[in-house]
Amino acid sequence: PFTNVAGVSDDMISYRTVKYKSNTFNIYATYDKKLGRDHQVKFIAGANAEDVDTLGFTAARRSPLDPSKAELPLAVGDMSVAGNHLVNAYAGFFGRINYNYKDKLLLELNGRYDGASSFPPADRWAFFPSASIGYRITEEKFMDPVKKVLSDLKFRASYGTLGNQDLGGSWYIPAMAPNTQLNWMNGGNYASGAGAPRAVAKSISWERVRTIDLGADMSLFNNHIGVTFDWYERTTDNMLSNREVPATFGTTAPRVNSGALRTRGYEIGIDANYTLKKDWTIYGTVAFWDNKTVITEWDNPSMVISQNYKGKVLGEIWGLETDRYFAKGEDLSKLPDQSKLVNGNFVFGPGDVKYKDQDGNGVIDGGKATVSDHGDLVRIGNSLPRYQYSLRLGSTYKGFDLDILFQGVGKADYWGI
């Protein structure tokens, strides 16, 4: 015989079905024209659209008569149903212009005009431009004497803006959540109704990611060695955050486009390849990169350090700094009081960690946990990796290949599980 080992909350049979429908439309045209011997232009224009309809349904019933037969008709307990329906759409128009002068001067201009149902009607459409330019200085005549060593050298720069529509999709709708158990009775039963409508901002728009990139590509010794360098700054504006409201506001704070962050970093890559014999080639790459992200705007007037705040370095860790261990026979009453760090009847004694009294007030605590009053808390590290690197070595010989990859982190103050 079967034994039902399920608990009360698990003693249930349920059916679930999800219907997902997606319609996608893409169209584009290209025009490529060479103007004389030195000039070439290319035009691309197009449009794309997508709508997604997701419908989910769940039916459940408690107390199955036979746990080995998970069918709704074979259960006799309470029944429940639930469902969800999500519809969203996206559309965009794009264009690109490329200009090439003697393979020496390269120019590209891009533009997108995108719309998404994630935003209110007045804020759904936005324009996102970008541009890049490259200059191959080795195509100049005065570089011919060094061509045997410096095969190719290109300087490049780019600036562009992209939009992020994945911001939740419904923060502009003053939705009212249904509630089957309000805080009053009707005929001996709890009354049903709906909660207060969600507070919404007058305007919610696209999150914008602006990136500027400066770089160079170099090839040496007949393209046997390549060097790439990039420095970039990426700024994210219009990030959604909760507006600070008083406790008497009556509902949750509205989401607004009030956040921003900035990331600065660089990437360096070196690759090499050499053919030893007809069928034998060796190659390798070395890469090194690093970046740092700082919150530049956030709606946190109290500057609470457990939340994002203006000036915060993303990933920073606040904590108490260790001083030493309490020694045997030491008079703890003459040392900073650490009792606020523990609960119950625990008393610090010999062998326990003693923390530094950073603010000199004789009490070890976190103050108000704000930037202006953080007590004895200090920035003790950062959870994000820094100074990352990789090394790849390989060889091919008559159809056989061997690859070895090493990756590492130069600095990490905390490893997550």
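Figure 1. Together with Lys 102, Lys 141 and Lys 147, Arg 37 forms a positive surface patch.

**Figure 2. Confidence along the chain.** The protein has an average pLDDT of 90, and 96% of the residues score at least 70. Strand E5 (residues 125-136) has the highest confidence, at 97. The lowest is found in strand E8 (residues 185-186), where the mean is 78. Where pLDDT is low, the predicted coordinates should not be read in detail.

**Figure 3. The salt bridge between Arg 136 and Glu 139.** The closest N and O atoms of Arg 136 and Glu 139 are 3.3 Å apart, and the two residues form a salt bridge. Arg 136 is partly exposed, at 21% relative accessibility. Glu 139 is also partly exposed, with a relative accessible area of 35%. The count of salt bridges in the model comes to 19. Side chains of opposite charge can pair when their charged atoms come close.

**Figure 4. The salt bridge between Asp 230 and Arg 156.** The side chains of Asp 230 and Arg 156 meet in a salt bridge, with an N to O distance of 2.7 Å. This pair links distant parts of the chain, since Asp 230 belongs to strand E12 (residues 225-242) and Arg 156 to strand E6 (residues 150-164), 74 residues apart. Asp 230 is buried, with a relative accessible area of 11%, whereas Arg 156 is partly exposed, at 22%. Asp 230 counts as buried because its 11% falls under the 20% cut-off.

**Figure 5. The salt bridge between Glu 297 and Lys 310.** Glu 297 forms a salt bridge with Lys 310, and their closest N and O atoms are 3.6 Å apart. The pair links distant parts of the chain: Glu 297 is in strand E14 (residues 280-297), and Lys 310 is in the loop between E14 and strand E15 (316-320), 13 residues apart. Glu 297 is partly exposed, with a relative accessible area of 38%.

**Figure 6. Positive phi at Asn 238.** Asn 238 has a phi near 60°, a positive value in a residue other than glycine. Its place is in strand E12, the strand that also holds Asp 230. Asn 238 is partly exposed, with a relative accessible area of 23%. Most residues other than glycine have a negative phi.

**Figure 7. Positive phi at Ala 369.** Ala 369 is not a glycine, yet its phi is positive, at about 60°. The residue lies in the loop between strand E17 (353-355) and strand E18 (377-382). Ala 369 is partly exposed, with a relative accessible area of 27%.

**Figure 8. Gln 40 and Asn 343.** Gln 40 is placed in strand E2. With 28% relative accessibility, Gln 40 counts as partly exposed. From C-alpha to C-alpha, Gln 40 and Asn 343 are 75 Å apart in space, and they are 303 residues apart in sequence.

**Figure 9. Tyr 20 and Ile 137.** Tyr 20 is part of strand E1 and counts as exposed, at 55% relative accessibility. Between Tyr 20 and Ile 137 the sequence separation is 117 residues, and the C-alpha atoms are 53 Å apart in space.

Figure 10. Val 294 is buried, with a relative accessible area of 15%. Val 294 and Trp 231 are 63 residues apart in sequence, and 16 Å separates their C-alpha atoms in space.

Notes
Residues are numbered from 1 along each chain as its sequence is written. This is a predicted model: local features need pLDDT of at least 70, side-chain atom pairs count only at pLDDT 80 or more; totals for chains, interfaces and linings use all residues. Side-chain values use heavy atoms; hydrogens and water are left out. pLDDT is the predictor's confidence in each residue, from 0 to 100. Helices (H or I, at least four residues) and strands (E, at least two) are DSSP runs, numbered from the N terminus. Patches are made of residues with over 30% relative accessible area and no salt bridge: like charges are joined within 9 Å, nonpolar side chains (Val, Leu, Ile, Met, Phe, Trp, Tyr) within 5 Å. Accessible areas come from the Shrake-Rupley method with a 1.4 Å probe; for residues, only the protein chains shown count as cover. A salt bridge is a side-chain nitrogen of Lys or Arg within 4 Å of a carboxyl oxygen of Asp or Glu. Lys and Arg count as positive and Asp and Glu as negative; His and the chain ends are not counted. The place of a charge is taken as NZ of Lys, CZ of Arg, CG of Asp or CD of Glu. Buried means under 20% relative accessible area, exposed over 50%, partly exposed in between (1.4 Å probe, protein chains only).
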